[in-house]
Amino acid sequence: MKATYSSEQEIYSLCALASASFTNSFNDLSDLQSFTTTVVNDVLQDGTVQGLIGSDWELVWGPVVFSQKPNNSPTVADNTMMLLYSPSQNLLVLPIAGTNLYSSYDWLQEDLQVGSFVKWNKVVGGGFHINILYEEAAISEGTYTGLQVLLAMKDSGGQTMVEALSKFAATLTTPATLAVTGHSLGGALSPTMALYLFDSQKLSTDWNANQNINVIAVYATAGPTPGNRSFADYITHTAGLSDTVTYAYSSQYNSLDVIPQAWESGTLDKVPGIYESNINVISGSNPSEAIVGTLATIAFLKTLSKSTLYTNVYKQASVWTEMTGTFSTDVDDQVTKKLKLAEIEFVLPKTLKTYAAYFINFVRFMAQMGFQHTEAYDTLLNITGFVSAFNTIKSGLLKSDQTPEQLREAAVSRIVGLD
């Protein structure tokens with residue numbers, strides 16, 4: 001069956017598959033892995049999905065799920081990755097999962113470890129030497145941790161993704177494109193993984209010996225900044241080279257999404273007022289949105305370290321394309337109604353009542369932030385049809401009547417203490 005989606009829509013749709021087990025917990029890693037595999041296979045075999053992305057997508061490797069605490073009960077997915085191939089398009093897609101809202105490991109070890117850096121020479125290893133103009137290129141400690149996890153993950157046959165990719169590439173008769181894609185945390189890890197694959201070709205342990213992968217392309221969305229200015233410049237430089245194997249780079253973000261504003265100082269500075277046109281500033285407050293501003297200040301301070309002489313050195317690589325977001329009045333109305341039903345302004349003791357308006361604005365901000373970082377992209381990337389089918393299949397396997405949107409709303413409510 002031929003796809004009605006463009007190749008780009010297909011890639012972003014397959015990216016969503018990496019979140020198959022997110023916002024849910026399981027008895028153990030075996031259950032978690034089994035559920036993820038079932039969801040992915042069922043989605044790829046679904047008639048509605050095949051009408052959108054085509055019917056010839058096959059799994060080359062994975063999906064493989066990593067849990068930092070695999071023996072815990074319940075267990076959650078910390079990282080997920082898989083490799084797929086479409087023979088009709090001669091296209092490989094490597095989706096990398098973003099932050100699982102339920103994963104403290106994602107938040108604490110991969111997202112927020114931004115005060116220290118690892119040099120790119122060390123990341124690639126094996127005697128790799130970067131162009132002297134970019135010798136200071138480095139990625140955050142958190143991005144490095146995530147990349148190492150991904151590279152170490154093995155399927156049931158004991159193969160890493162790179163080993164499987166190398167073996168598969170050797171069987172190709174026509175050079176293929178590899179699209180590395182990820183959202184959120186995956187939006188930081190995908191350009192890093194793609195660049196690692198590109199640079200590691202130059203080593204003696206070449207995974208692409210016959211150069212049967214002739215394009216390594218990045219399709220990142222909503223990604224926070226993975227590294228320093230020199231790393232961003234190195235990405236731009238590498239993407240501009242004309243060689244036998246090409247590294248192509250693109251990254252898109254929703255203008256109303258807070259997450260990709262991290263960790264560059266100039267973009268973090270925009271966070272407190274990002275919804276100011278729709279969430280009214282409290283009369284007399286100075287500065288406005290003090291809670292959000294404080295959190296943005298904390299985020300900025302986390303980027304400072306002795307190694308950078310206490311300056312922010314993060315920078316997004318070009319091309320970083322803005323998609324114009326739309327404030328969701330539906331989400332805002334829902335959370336405002338919930339706040340009204342909770343009677344926040346009446347149940348608080350006398351002194352705390354003065355903070356009620358600030359708390360309400362903060363909850364509205366958090367709800368909007370959650371929406372703009374997740375569901376909003378389905379519309380902006382024009383993949384709502386795929387996501388709807390994907391969510392229906394996933395909910396059916398979970399035997400749950402809760403949609404992913406409702407699960408996200410429940411998580412936000414728990415964070416702010418409304419549940």
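Me: What should I know about the model and its numbering?
Reply: This is a predicted model, in which local features need pLDDT of at least 70 and side-chain atom pairs count only at pLDDT 80 or more, while totals for chains, interfaces and linings use all residues. Residues are numbered from 1 along each chain as its sequence is written, and side-chain values use heavy atoms, with hydrogens and water left out.

Me: Why is Ala222 called buried?
Reply: Buried means under 20% relative accessible area, exposed means over 50%, and partly exposed is in between (1.4 Å probe, protein chains only). Ala222 has 0% relative accessibility, so it counts as buried.

Me: Where is Ala222, and what does it touch?
Reply: Ala222 sits in the loop between β7 (213-221) and α9. Helices (H or I, at least four residues) and strands (E, at least two) are DSSP runs, numbered from the N terminus. Leaving out residues up to four places away in sequence, Ala222 touches His183, Ser184, Gln252, Tyr253, Asp257, Ile259, Pro260, His373 and Tyr377. Contact here means heavy atoms within 4.5 Å. The C-alpha atoms of Ala222 and Phe390 are separated by 20 Å, and the two residues are 168 residues apart along the chain.

Me: What makes Asp378 and Glu375 count as buried?
Reply: Asp378 is at 16% relative accessibility, so it counts as buried. Glu375 is at 14%, so it counts as buried too. Asp378 lies in helix α16 (residues 375-380). Glu375 is also in helix α16.

Me: Which residues does Asp378 contact beyond its sequence neighbours?
Reply: With neighbours within four places in sequence left aside, Asp378 is in contact with Ile383, Thr384 and Val387. Val387 also has a computed distance to Glu375: 9.2 Å from C-alpha to C-alpha, at 12 residues apart in sequence.

Me: What is said of the backbone at Asn90 and Asn382?
Reply: Asn90 has a phi near 50°, a positive value in a residue other than glycine. Asn382 has a positive phi of about 60°, and it is not a glycine either. Asn90 is in the loop between β2 (79-86) and β3 (91-96). Asn382 is in the loop between α16 and α17 (384-398).

Me: Which peptide bonds are cis, and at what omega?
Reply: The bond from Gly62 to Pro63 is cis, with omega near 5°. The bond from Ser318 to Val319 is cis, with omega near 10°. Pro63 is in strand β1 (residues 58-66). Val319 is in the loop between α11 (290-302) and β10 (320-323).

Me: What makes a space in this structure a cavity?
Reply: On a 1 Å grid over the protein atoms alone, a cavity is a set of points where a 1.4 Å probe fits but cannot get out, and its lining residues have an atom within 4 Å of a point. The structure holds two cavities of 30 Å³ or more. A volume is the space filled by probe spheres set on the points, with grid points joined across faces, edges and corners.

Me: Which residues line the second largest cavity, and how do they sort by class?
Reply: Pro272, Tyr275, Glu276, Ile279, Glu289 and Phe365 line it. Ala, Val, Leu, Ile, Met, Phe, Trp, Tyr, Cys and Pro count as nonpolar, Asp, Glu, Lys and Arg as charged, and the others, Gly among them, as polar. That lining has four nonpolar, no polar and two charged residues.

Me: How is the lining of the largest cavity made up?
Reply: The lining of the largest cavity has six nonpolar, three polar and two charged residues. Among them are Glu110, Asp111, Leu185, Ala188 and Trp263. Helices α4 (104-111) and α8 (185-200) each supply at least two lining residues.

Me: Which residues of α9 are buried, and what covers them?
Reply: In helix α9 (residues 229-239), the buried residues are Ser230, Phe231, Ala232, Tyr234, Ile235 and Thr238. Their cover includes α5 (120-124), β5 (138-140), α8 and β8 (246-248).

Note on methods:
On a 1 Å grid over the protein atoms alone, a cavity is a set of points where a 1.4 Å probe fits but cannot get out, and a pocket is an open set with protein on both sides within 12 Å along at least five of seven lines; lining residues have an atom within 4 Å of a point.
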